[in-house]
Amino acid sequence: MALWKIIVKKGGNANGLKLETGMSVEVSVRTSMDPLRFGDGMDAISEAFSSKYGFDSRKFRSISMQYHLESKKIS
């Protein structure tokens, strides 16, 4: 298991969601691969942002995550 911090790097209106630069969540994924690019990380990321900020997880999942978000491995 690996812990990642996902940060909004480019704020703005994306798919009807107001993203602010600096918004962040932490997600745990089963592998050590970047969750923005590989595996089931997209689901974990959209659920975490939906839970923390009240976003519609379906709308959040359909944004261009690699364009708006960046990831940093914590452990």
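Helices (H or I, at least four residues) and strands (E, at least two) are taken here as DSSP runs, numbered from the N terminus. The structure is a predicted model, in which local features need pLDDT of at least 70 and side-chain atom pairs count only at pLDDT 80 or more, while totals for chains, interfaces and linings use all residues. Residues are numbered from 1 along each chain as its sequence is written, and side-chain values use heavy atoms, with hydrogens and water left out.

Ile6 counts as buried because its relative accessibility is 0%, where buried means under 20% relative accessible area, exposed means over 50%, and partly exposed lies in between (1.4 Å probe, protein chains only).

With strand β4 (residues 24–29), β1 runs antiparallel and is joined by six bridges; here Ala2 of β1 has Val29 as its bridge partner in β4. With strand β5 (residues 69–73), β1 pairs over five bridges, again in the antiparallel sense, and the bridge partner of Ile6 in β5 is Ser71.

The contacts of Ile6 can be read against this pairing, a contact being heavy atoms within 4.5 Å. Leaving aside neighbours within four places in sequence, Ile6 is in contact with Met23, Ser24, Val25, Val27, Pro35, Ile45, Phe49, Leu69, Glu70 and Ser71. Of these, Phe49 is 43 residues from Ile6 in sequence, yet the two are 9.3 Å apart in space, C-alpha to C-alpha. Ser24, found in strand β4, counts as buried because its relative accessibility is 14%, and its contacts, with neighbours within four places again left aside, are Lys5, Ile6, Ile7, Phe49, Lys52 and Tyr53.

Leu69, not counting residues up to four places away in sequence, touches Ile6, Ile7, Val8, Lys9, Leu36, Ile45, Phe49 and Phe60.

The aromatic rings complete the picture. Rings of Phe, Tyr and Trp (its six-membered ring) pair if their centres lie within 6.5 Å, and planes under 30 degrees apart count as stacked, over 60 as edge-to-face and the rest as tilted. By this rule there are four aromatic pairs. One of them joins Phe49 and Tyr53, which are stacked at 5.7 Å centre to centre with 25° between the planes. Both residues lie in helix α1 (residues 41–53), four residues apart, which is about one turn of the helix. Phe49 is buried, with a relative accessible area of 0%, whereas Tyr53 counts as partly exposed at 30% relative accessibility. Phe55 and Phe60 form another stacked pair, at 5.7 Å centre to centre and 15° between the planes, and both of these residues are buried. Phe49, Tyr53, Phe55 and Phe60 together form one aromatic cluster.

Methods: Pairing = 2+ DSSP bridges.
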